[in-house]
Amino acid sequence: MSSRTAWQALAQHPLGFLASAWPWRALAYLLSGVVFGAIAMVTLLTMALAGLVSLIVGVGAVLLLAVALSGIVVTRIERRRLRLVDPDPAPDPHRAPERPGPRGWLETRLREPATWRELSFTAVSMTALWWMDLLVLAFALALPVLLMTSPMDDPSAWPWVVIGLCLLPAAPYTITAWAGARAALTRLILAPRDGELGRELTEVRASRARLVDAFDAERRRIERDLHDGAQQRLVSINVMLGLAGLDAEPGSPVARQLALAQGEVTLAVDELRELSRGVHPKALTDHGLAAAVGNLTTRSALPVTVDIRLPYRLPATVESTGYFVVAESLANATKHSRATRAEVHARLDADVLTLSVRDDGVGGADPAAGTGLVGLADRVAAADGRLRISSPAGGPTLLRVELPCR
């Protein structure tokens, strides 16, 4: 198994690790840390001192603001350097600016906790981390070299050569161990906090809810257009064919053709009515979940017992999600489980709709088998709900959904 980080390579393959690129990558990480740390320290200290001196004339405020925001630049470079010893990308905790333009960017960054946390990391890096990098490199490389070259000045100091030769083979382990520890500390400090992740998660959930609402609104529009448009026209054509049939001579070829056409139009109306119900049932919009499920079960090939008791109408998204949970569950029971009967149960408890569908089929429902359960789970998750399914081999199958109504 290949190692993902320098620490993993050191722990999993202590001997083979020496022949890999990880010691060299760790060395590059520490050397670049020393160089970048020294440059950053000199630059920021110069800017801070210049800002304090020129604060009276107003220019200093700009320099001090640049120092305050310097952590953003420093940590961006640190995240790039981190990939030398830990290739997994370090996530950026910053949000997109709330307003366009430089002023919006500045206001967002100054209000973010991540900006000040990155400034604190920059201070720690300048005062401690790059110094530690320098000390580790000095101990692991410079000290053994000095010990091995000491007899050049004093021939009686030859034992130091032995000590230097013993210390030098340990250099790759020392350097990589500290590089791994430093990288882990860097990732820990720079990683987004729960609050920042929570904001992103809230935004994702809100966006997902808006998509579901838009999708449901579009389904209702299509159902309305089908019902008020194409379906009504077909009904009118059906009536006109019936009137034409009354004017035709009974038993004539024209009368038979009109009767045949009227039968086809009637069939088309029925199919269109079923299609509109599948898109978004009118009973769901007009009368709520219980009525829509009742209408659905009357057309089901399975005998279905319905027990839905709700004190009031639920939010449209919840009713729509609950309806399609029942519809998909009954469709699966009919097509896949060889069930002979099913039960639908729903209650509202503490603003949470608990909906369950049970059938006496053969069980073994598997979301990976393409029975529609994956799409159903996605739709429930989009409504911030939970879906659980119990379907042992031999049955029965119980699908339980909890949907918040707040």
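**Close-up views of a predicted model**

**Figure 1. R341 counts as partly exposed, because its relative accessibility is 34%.** Here buried means under 20% relative accessible area, exposed means over 50%, and partly exposed covers the values in between (1.4 Å probe, protein chains only). The structure shown is a predicted model, in which local features need pLDDT of at least 70 and side-chain atom pairs count only at pLDDT 80 or more, while totals for chains, interfaces and linings use all residues. Residues are numbered from 1 along each chain as its sequence is written, and side-chain values use heavy atoms, with hydrogens and water left out. The partner of R341 is E343, and the two form a salt bridge whose closest N and O atoms are 3.2 Å apart. A salt bridge is a side-chain nitrogen of Lys or Arg within 4 Å of a carboxyl oxygen of Asp or Glu. E343 is also partly exposed, with a relative accessible area of 30%.

**Figure 2. R400 and E402 form a salt bridge.** The closest N and O atoms of this pair lie 3.6 Å apart. E402 counts as buried, because its relative accessibility is 17%. R400, with a relative accessible area of 35%, is partly exposed. Elsewhere in the chain, salt bridges that share partners join E78, R81, D133 and R182 into one network.

**Figure 3. A salt bridge joins the side chains of R182 and E78.** The N to O distance is 3.6 Å. R182 belongs to helix α8 (residues 171–190) and E78 to helix α4 (residues 70–82), so the pair ties together parts that are 104 residues apart in sequence. Helices (H or I, at least four residues) and strands (E, at least two) are DSSP runs, numbered from the N terminus. R182 is buried, at a relative accessible area of 1%. E78 counts as buried too, at 1% relative accessibility. Side chains of opposite charge can pair when their charged atoms come close. By the salt-bridge rule, the count comes to 15.

**Figure 4. Helix α2 (residues 22–53) packs with α4.** The angle between the helices is about 170°, and their axes are 11 Å apart. This angle makes α2 roughly antiparallel to α4. Angles under 35 degrees count as roughly parallel, those over 145 as roughly antiparallel, those from 65 to 115 as roughly perpendicular, and the rest as oblique. The axes are lines fitted to C-alpha atoms, for helices over the stretch in contact, and angles run from 0 to 180 degrees between N-to-C directions. From α2, the residues Y29, S32, G33, F36 and L44 meet S70, V74, I77, E78, R81 and L82 of α4. Contact means heavy atoms within 4.5 Å.

**Figure 5. Helix α6 (residues 113–149) bends at S125.** The bend is about 55°. The bend at a residue is the angle between axes fitted to the seven residues ending there and the seven starting there. How far apart are the end C-alpha atoms of α6? They are 51 Å apart, which agrees with the 54 Å that 37 residues should span at 1.5 Å a residue. The expected span is 1.5 Å times one less than the number of residues in the helix.

Figure 6. G180 lies in helix α8 and is buried, with a relative accessible area of 8%. In the chain, residues 24 or more positions apart account for 69% of the contacts with a separation of 6 or more.
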